Amino acid sequence: MSDIDFEALPHRPLTMSLILELEPAPLRHLLKKGLRRGLTTHALRLCLDSDWGFALESEPASELLCALQERRWFMRSLHADLWKTHLGP
Amino acid sequence: MTQIIAVHSFRGGTGKSNLTANLATSLGLNGKRVAVLDTDLASPGIHVLFDFELDENQKCLNDFLQEACPIKECVHEVTPDVMKALKGQIFLLPASLDSDRIARLLREGYQVEKLNDAIFAIADDMNLDFILIDTHPGINEETLLSAAIADHLVMVMRPDSQDYLGTAVAIEVAQRLDVMNIQLVMNKLPNQFSRDEVRLRMQESYEVSIGSILPLSEDLLTLASGGLAVLEYPNHSWTCGVRDLATVLLESSGD
């Protein structure tokens with residue numbers, strides 16, 4: 001899973017229809033799991049481990065999270081231990 | 001933990017709102033605290049089944065989505081009297097029927113993420129057992145979000161070729177979003193159709209759970225959304241089918 005070209009992901013606000021288009025499936029799953037109440041760091045760690053085979057502290061995980069945060073698609077809350085999918089600009 | 005149930009259909013006219021209201025009532029009759037959100041903002045109507053009408057001072061989902069109104073002010077209790085002794089409660093979050101407000105919502109749109117946050121805010125604040133989301137038919141941003149955040153997706157269809165095709169598309173989309181616990185409901189099945197044959201076709205077409213097969217009913221047509229069938233006709237086969245679906249949802253929620 002570490003051979004994904006994160007730079008190739010589109011640079012536009014996230015929508016549900018965009019989530020539907022995204023590949024690979026673990027990326028859709030991660031963004032879906034980040035809806036609802038969001039993911040705690042522990043839940044994110046489990047998700048990365050089971051769906052991506054990454055440790056949270058690993059380089060590919062950092063690349064993934066950076067790419068998503070740059071696009072404002074999946075961000076860490078400033079107020080709580082939560083990672084949340086963000087829809088819209 | 002509150003269970004979120006999205007009730008959806010690919011096409012209009014499936015009886016989705018009617019099923020949503022009656023399913024909510026069945027859950028309430030089981031002593032549950034249930035909220036119903038009318039997210040069919042372009043063509044709202046579920047409030048009619050609960051005999052609820054907004055007065056000019058009351059707030060609705062449009063006020064939350066397009067104004068700064070707190071979501072709690074959009075919640076209205078519509079618990080039928082017969083349910084009160086059973087400790088169940090139903091709360092409705094209606095949408096506006098005002099044509100100008102519908103037009104404004106379609107013109108300006110709203111941030112769908114607000115809907116997500118509102119659903120979980122009321123789940124926590126009101127200690128709800130279930131939240132039912134009555135969606136707009138078809139596929140758009142709101143319905144995709146509702147399906148994605150739901151613990152259960154109830155897909156409603158009729159025995160119609162267009163419904164068979166459209167439902168396949170909707171289920172494919174839901175599965176791509178990794179939606180859990182899809183329950184397929186066939187509604188308005190004419191008496192001359194074989195239930196067993198229809199069930200088999202549904203199973204072969206979709207490979208998802210069949211939640212219920214509900215008959216086309218003269219009694220429901222006569223009721224004409226003027227009440228809740230599960231209360232008006234408690235022994236009707238349509239009511240029994242809705243009750244069975246409620247039981248499936250209760251059991252899969254660990255109840």
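I started at V7(B), and found it opposite D134(B) in β5(B). The strands involved are β1 (residues 3-8) and β5 (residues 130-134) of chain B, which run parallel and are joined by 5 bridges. My labels: helices (H or I, at least four residues) and strands (E, at least two) are DSSP runs, numbered from the N terminus.

This is a predicted model, where local features need pLDDT of at least 70, side-chain atom pairs count only at pLDDT 80 or more, and totals for chains, interfaces and linings use all residues. Residues are numbered from 1 along each chain as its sequence is written, while chains are lettered from A and ligands numbered from 1 in the order in which they are written.

Next I checked the whole sheet. In chain B, 8 strands make an open, mixed sheet in the order β3-β4-β2-β5-β1-β6-β7-β8 (two strands pair if DSSP finds at least two bridges between them). Which strands stand at the edges? They are β3 (76-77) and β8 (209-215) of chain B, each with a single partner strand, so one side of each has no neighbour in the sheet.

Then I turned to chain A. The axes (lines fitted to C-alpha atoms, for helices over the stretch in contact, with angles from 0 to 180 degrees between N-to-C directions) of α2 (residues 25-33) and α3 (residues 41-52) of chain A come within 10 Å and cross at roughly 160°. That makes α2(A) roughly antiparallel to α3(A) (the cut-offs: under 35 degrees is roughly parallel, over 145 roughly antiparallel, 65 to 115 roughly perpendicular, the rest oblique).
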